[in-house]
Amino acid sequence: MNQHVRARTPASVSIVGAGIAGTWQALLFAEAGCDVTVHERGNAAMTDSTGHWAGGMLAPFCESETAEPLITRLGLRSLDLWRDALPETPFNGSLVVAHGRDRADFARFGERATGHKRIGAKEIAELEPDLDGRFHDGLYFAREGHVDPRQVVPALHDKLRTAGVTIEFNSEASPDDLDGVVLDCRGIGGRDACPELRGVKGEVAIVETNEIALSRPVRLIHPRWSLYVVPRANHRFLIGATTIESEDRGVSVRSALELLTAAYSVHPAFGEARIVDFGAALRPAFPDNLPRVVAGNRSITVNGLYRHGFLLAPALAEVTVAHVLGTSTDAEVVRCA
Ligand SMILES: Cc1cc2nc3c(=O)[nH]c(=O)nc-3n(C[C@H](O)[C@H](O)[C@H](O)COP(=O)(O)OP(=O)(O)OC[C@H]3O[C@@H](n4cnc5c(N)ncnc54)[C@H](O)[C@@H]3O)c2cc1C
């Protein structure tokens, strides 16, 4: 690090929000040599965060079907940062499948998305033995990964403590009231600082069954409800997720039917699964659905991670640290208030 850079390294950094955005900011600022304190209004279980209900897929290639190139660029960088920070993160790919009648939608997905290999029934069965005979065509995204948000966020919090970061739970804070360099990572709770921010509802179900095992996220292409099943520990599966322009936090009957029908359509064994949880959360999104690092007079806002918080948080933290240290500014992401 040269003298110029060292001169701009802030002595202390306060972060408001210990969700996936704030947690990665804390990690990379601590690694840059700053004294970091994180304020989180919820408790250590993080049940109030949007991330609590997330699928946790690290899927820049699947997401390239609909997302802007910026998401792919930041997402690819994040995969490296996840590997460096938590080498045990599973990177065994994702699988996209469709039933024969939905061939047109499947073909369209394959044309728009990048980073996949077209596979047939035999290769699908090799990857996921329990799906043997259920699908003729699939897309295998070999380089993608996934995390369980309910495990990985506490694991990252442990890592923060080891790095000397102070995390204060049950500590509601206002970025304007804190001194020094302040990062506002409040997600949908930060709307007072970002009036353009909106919440986009995502509903999920968590089910439990030992009649089927999967090793990776499986996305089912369907003309009305393209949904996914993500394997979790202890025979659990997250089935998600709807994307609804609503800030209501309830799970509708229609969504519940669609989520469970999608899982049943991936494999009938899900029909016998036990429902463990149903829930919904609001994805924080700007009008263009792209993330922003907004450098204001009193604080820097990192928000709008929308449906890609786990995918983007590491790269966004790297961008923020580089901007604050004065090494570089990513003009596609960093804005002035
Ligand atoms: C159903 C669903 C599925 C998803 N699946 C995926 C996926 O597969 N992959 C992916 O990458 N992303 C996914 N996402 C998106 C991801 O969950 C979000 O982008 C991410 O959680 C946003 O992170 P955040 O840290 O900005 O916000 P949050 O996770 O909401 O964290 C913000 C934190 O700030 C705290 N806070 C708020 N106000 C204050 C205050 N005044 N003082 C102190 N603390 C405060 C809150 O309590 C909260 O813990 C999904 C989202 C949903 C809803």
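Trainee: In this predicted model, is Ala26 buried or exposed?

Mentor: Ala26 lies in helix α2, and the way to decide is to count the C-beta atoms around its own, with 20 or more within 10 Å as the cut-off for burial. For Ala26 there are 30 other C-beta atoms within 10 Å.

Trainee: Is Glu332 buried, partly exposed or exposed?

Mentor: Glu332 is found in the loop between α9 (309–325) and β17 (334–336), and its C-alpha atom is separated by 41 Å from that of Asn234, a residue 98 positions apart from it along the chain. Its count is 15 C-beta neighbours inside 10 Å, whereas burial requires 20 or more and exposure 12 or fewer. Glu332 is therefore partly exposed.

Trainee: Which strands pair with β12, and over how many bridges in each case?

Mentor: Strand β12 covers residues 227–231, of which four of the five are buried. With β11 (residues 218–221) it forms a hairpin that has five residues between the strands, and Val218 stands opposite Val229 in β12. With β13 (residues 236–240) it forms another hairpin, here with four residues between the strands and with Asn234 in the turn at a positive phi of about 60°, while Pro231 stands opposite Phe237 in β13. The pairing is antiparallel with β11 over three bridges, and antiparallel with β13 over four bridges.

Trainee: How many residues of domain 2 are in contact with domain 1?

Mentor: The domain assignment gives domain 1 as 3–83 + 147–196 + 288–336 and domain 2 as 94–142 + 198–285, and the centres of the two, taken over C-alpha atoms, are separated by 27 Å. The side of domain 1 that touches domain 2 divides into eight nonpolar, nine polar and three charged residues. From domain 1, 20 residues take part, and the number in domain 2 with which they are in contact is 30.

Trainee: Which residues come nearest to the ligand?

Mentor: The shell around the ligand draws at least three residues from each of domain 1 and domain 2, and by class it has 18 nonpolar, 17 polar and seven charged residues. Of the 42 residues in this shell, those that come nearest are Gly17, Gly19, Gly187, Gly202 and Gly309. The elements that give two or more residues to the shell are α2 (20–31), β10 (198–208), β14 (274–285) and α9.

Trainee: What is the radius of gyration of the protein, and why does it count as compact?

Mentor: The protein has nine helices and 17 strands, and its C-alpha atoms fill a box of roughly 60 × 40 × 35 Å along the principal axes. Of its 337 residues, 47% count as buried, and residues 24 or more positions apart account for 76% of the contacts with a separation of 6 or more. The globule rule gives 20 Å for 337 residues, and the protein is as compact as a globular protein of that length because its own radius of gyration is close to that value, at 20 Å.

Methods
Residues are numbered from 1 along each chain as its sequence is written. This is a predicted model: local features need pLDDT of at least 70, side-chain atom pairs count only at pLDDT 80 or more; totals for chains, interfaces and linings use all residues. A residue is near a molecule or strand if its C-beta atom, placed from the backbone, lies within 6 Å of it. Ala, Val, Leu, Ile, Met, Phe, Trp, Tyr, Cys and Pro count as nonpolar, Asp, Glu, Lys and Arg as charged, and the others, Gly among them, as polar. Domain bounds come from an automatic or database domain assignment. The radius of gyration is taken over C-alpha atoms; the globule rule is 2.2 Å times the number of residues to the power 0.38. Two residues are in contact if their C-beta atoms, placed from the backbone, lie within 7 Å. Two strands pair if DSSP finds at least two bridges between them.
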